[in-house]
Amino acid sequence: MSSNDAQLMLVYNANGDKISVLLDVVHKIVSPSTYQCSLCSVTHGAFSMHARWKDFLKEFPRKPVEYHRDEFLKEFPSISISFPAILVRFGDGPPRVLITSVGLGTVSEIDDLIEMVRSRLSEAQAKNLRAA
């Protein structure tokens, strides 16, 4: 694996236990405008990931990893971020924030999010190459 092989890490602003997931589904159906995870709001319908986003994620050589907030905090307790967020990891290096919760809050369409990910990832890869 090359040190420039990017792996996206998608971190949702929701917990991953079964009750929380069920409550999130209900919340997204009943009151989508007040749902607190802008990443999930753009990339998922009430029950599953949108096909356009799923296809985009298949473009990456390293499979993207999805985390719920509680899962991410358990695996990376020393990383302090606001949720949701998209991070990137090069090789076995530490995860770095690619798109913050504020940035995710500015997009409402999958194609806009895909363009933002591509742009920020290109910038991050260039910095990673210069640092290597």
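**View 1. Aromatic pairs in a predicted model.** The count comes to 6 aromatic pairs, where rings of Phe, Tyr and Trp (its six-membered ring) pair if their centres lie within 6.5 Å, with planes under 30 degrees apart called stacked, over 60 edge-to-face and the rest tilted. Y67 and F76 make an edge-to-face pair, 6.0 Å centre to centre with 80° between the planes. F72 and F83 are also edge-to-face, at 6.1 Å centre to centre and 75° between the planes. Helices (H or I, at least four residues) and strands (E, at least two) are DSSP runs, numbered from the N terminus. Ring pairs tie Y67, F72, F76 and F83 into a cluster. Y67 and F76 are both buried, and F72 and F83 are both buried too; buried here is under 20% relative accessible area, exposed over 50%, partly exposed in between (1.4 Å probe, protein chains only).

A word on the model: it is predicted, so local features need pLDDT of at least 70 and side-chain atom pairs count only at pLDDT 80 or more, while totals for chains, interfaces and linings use all residues. Residues are numbered from 1 along each chain as its sequence is written, and side-chain values use heavy atoms, with hydrogens and water left out.

**View 2. T43 and its surroundings.** Look for T43 in helix 2 (residues 38–43). T43 is buried, at a relative accessible area of 0%. Its side chain reaches the backbone oxygen of L39 at 2.8 Å, and a 2.7 Å polar contact joins the side chains of T43 and H44. A polar contact is a pair of N or O atoms within 3.5 Å; within protein, one must be able to donate a hydrogen and the other to accept it, and residues adjacent in sequence count only if both atoms are side-chain atoms. Leaving out residues up to four places away in sequence, T43 touches Y12, M49, H50, W53 and L113 (contact: heavy atoms within 4.5 Å).

**View 3. The lining of the second largest pocket.** L10, M49, K54, L57, K58, F60, K63, P64 and E66 line this pocket. By class, that lining has 5 nonpolar, no polar and 4 charged residues; Ala, Val, Leu, Ile, Met, Phe, Trp, Tyr, Cys and Pro count as nonpolar, Asp, Glu, Lys and Arg as charged, and the others, Gly among them, as polar. On a 1 Å grid over the protein atoms alone, a pocket is an open set of points where a 1.4 Å probe fits, with protein on both sides within 12 Å along at least five of seven lines, and lining residues have an atom within 4 Å of a point.
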